[in-house]
Amino acid sequence: MKLCFLVEELYRCDGMPLDVVRRLSSWGHQVDVVRPGGSLLRVSEEVRAGTHDAWVLKTVSGGPGLTLLEAAAAVGLTTVNDARSIRAVRDKVLTSIIARQHGLPVPLTYSAPRASMFADVPGELFPLVVKPADGSSGRGVRLVTDPAGLAEAEQPGGGQLIAQPYVPNPGTDLKVYCLAGEFHATLRRSPIHPDGPADEGPVPLSAEVSAMAAEVGAVFGLDLYGIDVVLGPDGPVIVDINDFPSFRQVPDAVSRVAGAVLDLARAGGGAGRGVRAPAAHVPAAPQFSLGRPYSHPRPVAAPGAVQL
């Protein structure tokens with residue numbers, strides 16, 4: 001097959017996806033790497049040529065790569081993931097609205113252009129987790145215990161922010177990765193608990209969380225993605241959704257991702273083209289006991305911030 005990988009400057013030396021590119025090449029496939037943020041492109045010719053079987057994007061939020069992927073999809077080329085699906089999870093305001101509309105367990109979300117405006121959120125919802133609406137990889141995430149601490153959550157250069165009530169947890173995030181229907185889970189220290197438990201690595205995945213992760217794929221039309229889950233007192237809560245994550249600590253991740261890309265390219269894209277995500281394949285036996293279903297906090301109106 002002939003594939004085109006769009007790789008933003010942040011990832012131009014990163015093992016994911018460049019190790020995947022090398023693995024696909026070693027299997028005899030032709031892979032072109034395009035750096036939309038670091039090279040001159042003849043956009044019309046690049047996209048309209050249609051010489052690639054599929055386009056794959058590893059990009060930062062707001063980077064130029066997503067525009068190229070959307071252009072490829074607009075002229076009928078296969079993309080992994082679907083461009084519209086990527087857009088829906090890059091904007092965390094939009095992500096929250098879609099997720100709650102479909103009953104996924106995500107926290108009540110507020111949006112505002114400045115962190116100081118979250119002072120109008122009802123006091124009983126503090127502590128808040130404040131982060132950029134277009135953030136990724138834990139950058140800019142702040143735990144704010146009371147309104148007085150909001151000044152420290154302001155972001156350089158501005159940009160829309162979201163705030164969500166903190167879900168009590170043991171200090172680790174459950175990272176769930178999906179590779180075209182195959183699910184893996186790892187524990188990772190939470191970015192808001194840098195001094196939390198140090199035990200990290202692959203863990204068994206419960207049927208409850210794997211079904212929830214599969215529903216995320218179905219709702220958003222994603223095939224290669226990850227979700228961040230915290231195991232709160234009322235059950236698992238989704239705190240982030242990412243397209244094409246790091247797949248860190250997934251066994252044989254490079255070959256698994258490469259194989260998933262090929263399968264999706266041959267299938268013409270997968271979930272983003274209207275095919276509901278398949279039932280999750282969980283390699284390890286479920287062991288987590290995750291308690292009661294998550295109950296959304298009762299919405300409370302607050303001036304100065306938009307509640308989602």
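This note comments on a helix pair, a sheet and a cavity.

1. The model is predicted, so to speak only of local features with pLDDT of at least 70 and of side-chain atom pairs at pLDDT 80 or more, while totals for chains, interfaces and linings use all residues. Residues are numbered from 1 along each chain as its sequence is written, and side-chain values use heavy atoms, with hydrogens and water left out.

2. Helix α3 (residues 65-74) packs against helix α4 (residues 83-90) at an angle of about 145°, their axes lying 9 Å apart; helices are DSSP runs of H or I with at least four residues, and strands are runs of E with at least two. Axes are lines fitted to C-alpha atoms over the stretch in contact, and angles run from 0 to 180 degrees between N-to-C directions. Leu66, Leu69, Glu70 and Ala73 of α3 meet Ala83, Ile86 and Arg87 of α4, contact being heavy atoms within 4.5 Å.

3. Five strands form an open sheet in the order β11-β10-β9-β12-β13, with antiparallel pairing, where pairing requires at least two DSSP bridges. At the edges, β11 (201-202) and β13 (235-243) each pair on one side only. Strand β10 (residues 182-189) is joined to β11 by two bridges, and Thr186 stands opposite Pro202 in β11.

4. The largest cavity holds about 110 Å³ of space; a cavity is a set of points on a 1 Å grid over the protein atoms alone where a 1.4 Å probe fits but cannot get out, with lining residues having an atom within 4 Å of a point. Its volume is the space filled by probe spheres set on the points. Among the lining residues are Lys92, Gln164 and Asp240, and α5 (92-101), β8 (161-165) and β13 each supply at least two residues.

Technical notes
1 Å grid on protein atoms, 1.4 Å probe; cavity = no way out; pocket = protein on both sides within 12 Å on 5 of 7 lines; lining within 4 Å.
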